[in-house]
Amino acid sequence: MTYRIEKDTLGVVRVPVKKYWGAQTERSRRNFKIGPEASMPVEIIHAFGFLKKAAAHVNFELGILSKKKKDMISLVCDEIIEKKLNDQFPLVIWQTGSGTHTNMNINEVISNRAHVLMGKRLGSSQSFIHPNDDVNMSQSSNDTFSTAMHIASYQKLVKETIPSIQKLKKNLEEKSKLFHNVIKIGRTHLMDATPITLGQEFSGYVSQIDHGLNAIKKTLDHLSELAIGGTAVGTGLNAPKGYDIKITEYICKYTGLPFKVAKNKFEAISSHDAVVESHNALKQIAVSLIKISNDIRFLSSGPRSGIGEIHIPANEPGSSIMPGKVNPTQCEAIIMVCTKIIGNDVSISIAGSSGNFELNVAKPLIASNFLESSQLLADACTSFSSFCVRGITPNYHRIKELLDKSLMLVTVLNNHIGYEKSAEIAKSAYVNNSTLKKEAVRLGYLTIDEFEKLVNPSKMV
């Protein structure tokens with residue numbers, strides 16, 4: 001590999017000759033060789049594209065940046081937003097906790113790429129646009145990285161995660177309505193309980209997802225607050241008056257999303273409670289989905305020796321040794337995804353508490369984990385919905401068999417013959433391997449007609 005010479009305030013650095021980044025990026029690349037696959041999420045990079053473009057326009061409007069520089073910065077930012085320069089951002093998340101290295105990576109790439117677009121040879125002379133003085137004008141890594149986190153996280157939620165969860169909710173709702181008359185035995189403590197319809201059972205899943213969706217949506221207001229304009233510690237030092245309002249307006253224009261100036265920039269830079277809150281809502285969905293997925297795999301277990309009350313799609317052969325076996329693979333996949341999300345939530349909680357005085361120092365980890373959870377949940381909900389939920393059908397024969405054999409239908413007799421006599425009927429039926437009807441009549445507590453009139457599962461749901 002051939003190199004060119006770049007320099008920063010610490011001295012001279014050799015940089016790969018064809019790369020647009022500069023000395024500060026190269027120092028980070030060499031000093032933080034941690035982990036095989038831990039690159040800064042591209043969503044953060046693209047969010048910076050919106051931010052830097054907005055900053056250039058505002059600085060121009062406020063009379064502190066030339067039109068030529070504004071235009072060139074905007075041109076490169078458009079390339080970043082259009083994902084044309086993804087290979088120019090090599091840094092890992094395991095870097096400075098403020099994300100300064102990534103901010104400077106962005107600044108250097110914009111500066112050097114603009115240099116080339118102006119017809120000059122990369123590295124041939126000092127760029128027309130300075131990475132700190134021009135691209136980073138009116139900014140600090142502390143407010144820009146915090147802002148990029150919120151832009152990327154908000155975008156991911158509203159454009160991918162929420163729509164995928166809504167699709168899953170819709171499919172569960174359709175099944176709930178379709179199964180509303182399918183009466184089956186309920187279960188508590190994994191033991192037989194009183195009857196329920198399969199539709200009612202699925203309505204519980206719909207409600208869980210609905211509450212989770214509402215929880216996510218309620219966090220969007222806080223997540224929409226941007227720290228930009230607070231610069232280093234929240235005071236806005238070196239940012240012109242009105243800069244924060246104008247740049248937020250531009251970011252809204254470019255993203256089409258309702259961002260707003262943070263109510264308190266000291267909070268927005270020193271803590272990331274908004275992201276902690278929002279990820280907690282993702283964790284709530286994850287907890288619900290583990291419950292739902294386990295129910296579905298238990299309900300479909302068998303096909304001969306399990307519960308077997310529903311059929312799920314046979315997507316793949318289930319075993320390399322047992323012919324004909326089919327497994328609940330979509331349930332297992334989403335359970336693993338949700339377990340990962342719960343783990344990410346622990347990391348985000350600890351990282352979110354890692355703010356010392358005026359700066360949180362675990363920003364890259366928080367951003368990475370949040371975006372990973374959001375993407376995994378979006379993908380998993382789409383997969384689970386498409387390849388499992390949509391294909392679920394009732395096993396009517398098995399449902400009726402288990403309903404008819406259940407001893408807990410005796411519960412309806414409590415109000416007619418009392419709890420103790422009802423319990424005696426149930427115990428006798430179990431010990432004698434008999435039916436509730438036979439034992440109720442044998443014990444002299446009810447006639448056949450009385451039993452059949454009272455013990456009617458369709459009237460118990």
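**Salt bridges and their surroundings**

Author: Asp-244 counts as buried, at 17% relative accessibility. The model considered here is a predicted one. The side chain of Asp-244 meets that of Lys-265 in a salt bridge, with 2.8 Å from N to O. Because Lys-265 belongs to helix α9 (residues 265-270) and Asp-244 to helix α8, this pair ties together parts that are 21 residues apart in sequence. Lys-265 is likewise assigned to the buried class, since its relative accessible area is 14%, under the 20% cut-off for that class.

A second pair is formed by Lys-156 and Glu-43, whose side chains meet in a salt bridge of 2.9 Å, N to O. This pair links distant parts of the chain, 113 residues apart: Lys-156 lies in helix α6 (residues 141-178) and Glu-43 in helix α2 (residues 42-61). Lys-156 is buried, with a relative accessibility of 5%, whereas Glu-43 is partly exposed at 22%.

The pair of Arg-398 and Glu-401 lies within one helix. Their side chains meet in a salt bridge at 3.2 Å, N to O. The two residues are three apart in helix α13 (residues 396-405), so about one helical turn separates them. Glu-401 is partly exposed, its relative accessible area being 29%.

Of its 461 residues, 51% count as buried. Among contacts between residues at least 6 apart in sequence, 71% join residues at least 24 apart.

As to overall form, the C-alpha trace spans about 100 × 50 × 35 Å along its principal axes. The radius of gyration of the protein chain is 30 Å, while a compact globule of 461 residues would have one near 23 Å. The accessible surface comes to about 21600 Å², and carbon and sulfur atoms account for 54% of that area.

Terms used. Residues are numbered from 1 along each chain as its sequence is written. This is a predicted model: local features need pLDDT of at least 70, side-chain atom pairs count only at pLDDT 80 or more; totals for chains, interfaces and linings use all residues. Side-chain values use heavy atoms; hydrogens and water are left out. The radius of gyration is taken over C-alpha atoms; the globule rule is 2.2 Å times the number of residues to the power 0.38. Buried means under 20% relative accessible area, exposed over 50%, partly exposed in between (1.4 Å probe, protein chains only). Contact means heavy atoms within 4.5 Å. Accessible areas come from the Shrake-Rupley method with a 1.4 Å probe; for residues, only the protein chains shown count as cover. A salt bridge is a side-chain nitrogen of Lys or Arg within 4 Å of a carboxyl oxygen of Asp or Glu. Helices (H or I, at least four residues) and strands (E, at least two) are DSSP runs, numbered from the N terminus.
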